[in-house]
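Subject: Structure handover

Hello,

Here is the structure I promised to pass on. Please open it alongside this note.

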Amino acid sequence: MKTEEINLVIHFLAKFIVLSSFITLIGILVGLAFLAPENKGYLHSSRLQKFLAPVSLTWLLGSIFFLMSEVAFILNTSLTEVIDGNILRSFITQTTLGKLFEIQVIAALICAVTAVRVKKTGGAVFLIFIAWIGGLAPYLESHGSGSGHHMLAIGLVIVHVAALSLWFGGVIALFLMPKSEREIGRKRFAPLALWCVSAIALTGFVNAFIRIGNFSNLTSNYGLLVIFKIIIFVFILALVAYSRKKIGEQNFARQLARELFLLTTVLILGIFLGQGNPPVSGSTDVVQAIGAKMPGTPTISRLLFEYEPDGLFLSLLILAVALYIKGVVVLTRRGDKWPIGRTIAFALGISAIDYAVNGGLGVYAQVAFSFHMISHMVLATLAPIGIVLGAPITLALRTLPIGRTQEERGVRGFALAILHSRYSKVITHPVSALIIFEASLFALYFTNLFNWLMSYHFGHFFMGLHFLHSGVLLFFVIIGVDPSPQKSPFIFRVVILFVAISIHAFFSVALMSSSQLVDGGYFAEIARPWWPDFLADQRMGASIGWAMGEIPILLALIATFIQWVRADERDAVRIERNSTRAHQFGEPDELDKYNQYLSGLNQRNSAQDKEGDK
């Protein structure tokens, strides 16, 4: 066999090992955290815990093997040359893909080292996120669509693999569980599987459509593999839907084995598709730095109607809306009411995020600093107000499933534990929220961090996510209606808002006064054909950011005063009600007790004065 053919086989084998071990690890962790019984947050499934360490070690070794095979596959060289030479080191240190593979290896190492130390459900959830970071990182540089929808294609691939790891991994976890635990876990896994299947089907269909391009390409080798994969996927769903209603617990393990075989076939087909080239040809109009075509000169219509979605961000927004609607429906069926104003506020917040990231504003934010600053302010100041007033935490706590027994704390108990944890108390302190919100401005725009993040597609995602989270955190501690680990006095919140206004004004003035471009040459590199004065565009963005940052904070200040007045009114009503109740029973109220205290204190002082005179 030729070197190219050998590398292709090794690369396929390595990818199968790393993917299957990653999915198995996610499944075991999900099983430990949410499916298997637990006692006050402590793990109770001994069989799943036994598999945790060897699977983590397999993922680590598979990640290293996959890294080496990837280098050999890309450079068309032998695996021994990759191991012996400096090729591997150069690939890791000098290429983006190599750095992402390094993240995967580090994440696998963390999981392998800490797997034996996981004793509580919180530790299992933490390892799920660590494993996701490592397992999904290489897909940030996977082959996107040549038609220009790069961020949409990449984001959908990440969501597709994440959902597949939950569904496939959950089936593996149920298969590995003893019969007693499996019977308990299957009921909780059913709704999770439904969400995952929906995500897999939607992301897979859209991504396949983007990559195939048109119906004529369905007859290509790539198109035929897609069709075959869809057929097997639909067959699995039909088999599960039919068998779960007919089959009993005794044959449930056999049914899980059939599902695992079919899901493994789907995984193999997915690897084949990942190694192949989609039939859509690359477009010369696509700007590599933004993964899309350069938008035309900004106009009102283009700003309103342009739409270039980020697949990952869009998926998170769809998930947030779906969960919120699910929570409202659960409350309604229960007979409880949920204020319509909160739903409207949440919807407006989500709409603002979508427009700032995926809409016309998000499109132009990638090619002009002024629009980037507008997008920044929408994500950090306007959208968070709607999200916070939508009270998503309150809705979650009222609808999340509780423990299945008195010993279990359940998903709701886990959410409460996070809410009241030491970490939550630290970051929800107004000073901490202010530092995160304001310090990030100077760290981003007055260092090389802005240029570095703008130069990578995943940098745009993480930057927008940080803007949103920092804004939500600040407005949560100031005007939030959700339960908080600590409630600060209203006067302290007002002081924090005044400090935020002052710091933001200082930042904007410093940016407007700067004679250097903070983008490090990014906007000049993408060579947009309009607005050639980059420094003027930067100063305009700073002035817009100043105005857009001050207005929401002033609105929050007004809302804080209103909440303050209403809180005082509630306290006055409560005191009056307690006073009336006390008088009805012939007992002194709080005011009477205070007057009695003052009277007694006055009598003691008078007696001491008389003794002093004698």
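Below is what was found in the model, topic by topic.

**Confidence**

This is a predicted model. The mean pLDDT of the protein is 82. Of its residues, 85% reach 70 or more. Helix α13, residues 340-357, has the highest mean pLDDT, at 93. Helix α25, residues 590-613, has the lowest, at 60. Where pLDDT is low, the predicted coordinates should not be read in detail.

**Salt bridges**

How many salt bridges does the count come to? The count is three.

Start with D336. Its side chain meets that of R334 in a salt bridge, with 3.6 Å from N to O. The side chain of D336 also meets that of R398 in a salt bridge, here at 3.9 Å from N to O. This second pair links distant parts of the chain, 62 residues apart. R398 sits in helix α16, residues 392-399. D336 lies in the loop between α12 (311-334) and α13.

How accessible are these side chains? R334 has a relative accessibility of 45%, so it counts as partly exposed. D336 is at 29% and is partly exposed. R398 is at 33% and is partly exposed too. Salt bridges with shared partners join R334, D336 and R398 into one network.

The remaining pair to look at is R528 with D537. Their closest N and O atoms are 3.6 Å apart, and the two form a salt bridge. R528 is buried, and so is D537.

**D482**

Now turn to D482. This residue is found in the loop between α21 (457-479) and α22 (490-513). D482 is buried, yet has no salt bridge. Which side chain of opposite charge is nearest to D482? That is R342, 6.1 Å away.

What does the side chain of D482 reach instead? One partner is T394, whose side chain is joined to that of D482 by a polar contact of 2.5 Å. Another is the backbone nitrogen of I393, which the D482 side chain reaches at 3.3 Å. Leaving aside neighbours within four places in sequence, D482 is in contact with V388, A391, P392, I393, T394, F476 and K487.

**F492**

F492 is found in helix α22. Is F492 buried or partly exposed? Its relative accessible area is 29%, so F492 is partly exposed. Not counting residues up to four places away in sequence, F492 touches H429, P430 and V431. F492 and I478 are 14 residues apart in sequence. In space, they are 9.3 Å apart, C-alpha to C-alpha.

**Cysteines**

How many disulfides does a search of the whole structure find? The search finds zero. Two cysteines have accessibility values to note. C111 has a relative accessible area of 1%, so C111 is buried. C196 is buried as well, with a relative accessible area of 4%.

**Where to begin**

I would view D336 with R334 and R398, the one network joined by shared partners. After that, go to D482 and its polar contact with T394.

Best wishes

Key: Residues numbered from 1 in each chain as written. Predicted model: local features only at pLDDT ≥ 70, side-chain atom pairs only at ≥ 80, totals over all residues. Heavy atoms only, no water. Helix = DSSP H or I, 4+ residues; strand = E, 2+ residues; numbered from the N terminus. Buried < 20%, exposed > 50% of the residue type's maximum accessible area, 1.4 Å probe, protein only. Lys, Arg positive; Asp, Glu negative; His and termini not counted. Salt bridge = Lys/Arg side-chain N within 4 Å of Asp/Glu carboxyl O. Polar contact = N/O pair within 3.5 Å; in protein donor to acceptor, adjacent residues only side chain to side chain. Contact = heavy atoms within 4.5 Å. Disulfide = S-S within 2.5 Å. pLDDT = per-residue confidence, 0-100.
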